[in-house]
Amino acid sequence: MERMAWKGKIKAGQKEEYIRRHNEIWPEMVEVLKAAGICNYTIYCTGDELFGYYECEKGIAFAEKTQAESPVVDRWNAYMKDVLELEMDPETGAQPKLEAVFRLD
């Protein structure tokens, strides 16, 4: 199982809205994430800074490809654009991977 971590930023004054939208995540978005092999997905927040972590049962490349080809993900990204700032990798269309520097099993 591969692990993925990403970072982002909530736009000023939009934290409550960001949280509300995730509390009401679309069922079809959840289906895409699961089809991509994504599990154990958690997003943490400190102030307006975000840190996301998930595990990829089918590998990161598969998860990225599945999401990149999904019109649901395109709609979700457009929906979140007014509350979220994300740097996207132009090659994968996903958030750049954070480098793992320590792990304790």
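Start by selecting Gln67, which sits in helix α3, residues 60-68. The model you are looking at is predicted. Is Gln67 buried or exposed? Its relative accessible area is 16%, which is under the 20% cut-off, so Gln67 counts as buried. Now show the side chains around it. Beyond the neighbours within four places in sequence, Gln67 is in contact with Leu33, Ala36, Ile38, Tyr54 and Val73.

Next, select residues 38-46 and 49-56, which are strands β2 and β3. These two strands run antiparallel, and seven bridges join them. To look at one pairing, pick Cys45 and then find its bridge partner in β3, Leu50.

For the last stop, colour helix α1 (residues 15-23) and helix α4 (residues 71-80). How are two packed helices described? By the angle between their axes and the distance between the axes. Here the angle is about 155 degrees and the axes are 11 Å apart. An angle over 145 degrees counts as roughly antiparallel, so that is the description for α1 and α4. Their crossing is right-handed. To see what makes the contact, show Tyr18, Arg20, Arg21 and His22 on α1, together with Trp76, Tyr79 and Met80 on α4. Sorted by class, this contact has four nonpolar, one polar and two charged residues.

Terms used. Residues numbered from 1 in each chain as written. Predicted model: local features only at pLDDT ≥ 70, side-chain atom pairs only at ≥ 80, totals over all residues. Heavy atoms only, no water. Pairing = 2+ DSSP bridges. Helix = DSSP H or I, 4+ residues; strand = E, 2+ residues; numbered from the N terminus. Buried < 20%, exposed > 50% of the residue type's maximum accessible area, 1.4 Å probe, protein only. Contact = heavy atoms within 4.5 Å. Axes fitted to C-alpha atoms, helices over the stretch in contact; angles between N-to-C directions. Parallel < 35°, antiparallel > 145°, perpendicular 65-115°, else oblique. Left-handed = near helix turned anticlockwise from the far one by under 90°. Nonpolar A, V, L, I, M, F, W, Y, C, P; charged D, E, K, R; others polar.
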